[in-house]
Amino acid sequence: MTDLPLVAKRLAIEKVLILPNIVSSLRVFLLPFFVLLAKEFVKQPQNPVLYFSTIVVFLIALSTDFLDGFLARKLKEETVLGKYLDPVCDKFLTIVALCLINKYFQFPTWILLLIIIREILGSLLGTYLFFKKHFQGEPNFSGKLGVVLVALNVILFLTETFLRIDLYYLKEFFSITVFLTYLFGSIQYIRKYL
């Protein structure tokens with residue numbers, strides 16, 4: 001194992017099934033339930049059970065983003081896999097959530113596409129840094145803020161439909177804010193890692 005980068009060596013000997021990693025993975029495993037509930041909500045937009053269930057499942061998935069890091073630090077179980085798993089699960093959560101509100105609730109397609117491109121390029125850059133430069137990137141504040149803003153968009157789009165009110169300007173504001181947050185985060189990453 002002498003030719004492997006240091007982080008890859010650590011990854012090979014680390015425990016995988018630890019509580020923080022399981023909590024991170026839960027974020028992805030909850031996504032199908034969120035999507036199924038949201039699809040049912042679209043069919044019955046005034047059903048309060050579907051409205052609240054969709055939001056609760058999404059918020060539980062979102063909360064794992066903060067819980068996994070807290071547990072890793074508290075239990076002293078920060079791992080290379082955990083540092084990789086957390087942003088990957090974030091990407092799944094944000095892209096699935098944005099695709100869903102784009103398809104059913106008219107979230108701007110151009111913002112969705114730019115965020116997907118940003119996430120793909122970020123993943124490629126992160127993989128390159130890991131395997132070629134023996135370096136593992138760290139999440140920044142903009143990335144975490146982006147996840148929170150995506151959550152606010154999801155809740156806003158669902159709530160507008162459930163309450164039958166027009167939140168056009170508020171939705172526009174939050175949609176643009178998500179885009180600017182991801183753009184600013186991309187600039188931060190480029191400046192830091194290139």
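Ala, Val, Leu, Ile, Met, Phe, Trp, Tyr, Cys and Pro count here as nonpolar, Asp, Glu, Lys and Arg as charged, and the others, Gly among them, as polar. The model shown in every view is predicted.

**View 1. Lining of the largest pocket.** The largest pocket has a volume of about 970 Å³. Its lining holds 40 residues, and K91, G122, S123, G126 and Y189 are the closest to the centre. By class, this lining splits into 23 nonpolar, 10 polar and 7 charged residues. Four helices each supply at least two lining residues: α5 (80-105), α6 (109-132), α7 (141-163) and α8 (168-193). The most comes from α6, which gives 14 residues to the lining of the largest pocket.

**View 2. Lining of the second largest pocket.** The volume of the second largest pocket is about 370 Å³. D68, G69, R73, D86 and P139 are the closest to its centre, out of 21 lining residues. Two or more residues of this lining come from each of α2 (19-29), α4 (48-74) and α5. The largest share belongs to α4, with 6 residues of the lining of the second largest pocket. Sorted by class, the lining of the second largest pocket has 9 charged, 6 polar and 6 nonpolar residues.

**View 3. Packing of α5 against α7.** The axes of α5 and α7 lie 10 Å apart, at an angle of about 25°. Angles under 35 degrees count as roughly parallel, and α5 and α7 are therefore roughly parallel to each other. The crossing of α5 past α7 is left-handed. On the α5 side, the residues in contact are D86, D90, L93, T94, A97, L98, I101 and F105. On the α7 side, they are K144, V147, V150, N153, V154, F157, L158 and T161. The contact of α5 with α7 comprises 10 nonpolar, 3 polar and 3 charged residues.

**View 4. Packing of α2 against α4.** Here α2 and α4 pack with their axes 8 Å apart and an angle of about 165°. Angles over 145 degrees count as roughly antiparallel, so α2 and α4 are roughly antiparallel to each other. The crossing of α2 past α4 is left-handed. From α2, the contact takes in L19, P20, V23, S24, L26 and R27. From α4, it takes in A61, T64, D65, L67, D68, L71 and A72. In the contact of α2 with α4, 8 residues are nonpolar, 2 polar and 3 charged.

**View 5. Packing of α5 against α6.** The axes of α5 and α6 come within 10 Å and cross at roughly 165°. That makes α5 roughly antiparallel to α6. α5 passes α6 in a left-handed crossing. The α5 residues that take part are V80, K91, T94, I95, L98, C99 and N102. They meet T109, L112, I115, I116, E119, S123 and F130 of α6. By class, the contact of α5 with α6 has 8 nonpolar, 4 polar and 2 charged residues. K91 of α5 and S123 of α6 belong to this contact. K91 and S123 are also among the residues closest to the centre of the largest pocket.

**View 6. α5 between views.** T94 and L98 of α5 meet α7. T94 and L98 also take part in the contact with α6.

Terms used
Residues are numbered from 1 along each chain as its sequence is written. This is a predicted model: local features need pLDDT of at least 70, side-chain atom pairs count only at pLDDT 80 or more; totals for chains, interfaces and linings use all residues. Side-chain values use heavy atoms; hydrogens and water are left out. On a 1 Å grid over the protein atoms alone, a cavity is a set of points where a 1.4 Å probe fits but cannot get out, and a pocket is an open set with protein on both sides within 12 Å along at least five of seven lines; lining residues have an atom within 4 Å of a point. Grid points are joined across faces, edges and corners, and a volume is the space filled by probe spheres set on the points. Axes are lines fitted to C-alpha atoms, for helices over the stretch in contact, and angles run from 0 to 180 degrees between N-to-C directions. Angles under 35 degrees count as roughly parallel, over 145 as roughly antiparallel, 65 to 115 as roughly perpendicular and the rest as oblique. A crossing is left-handed if the near helix is turned anticlockwise from the far one by less than a right angle, and right-handed if clockwise. Contact means heavy atoms within 4.5 Å.
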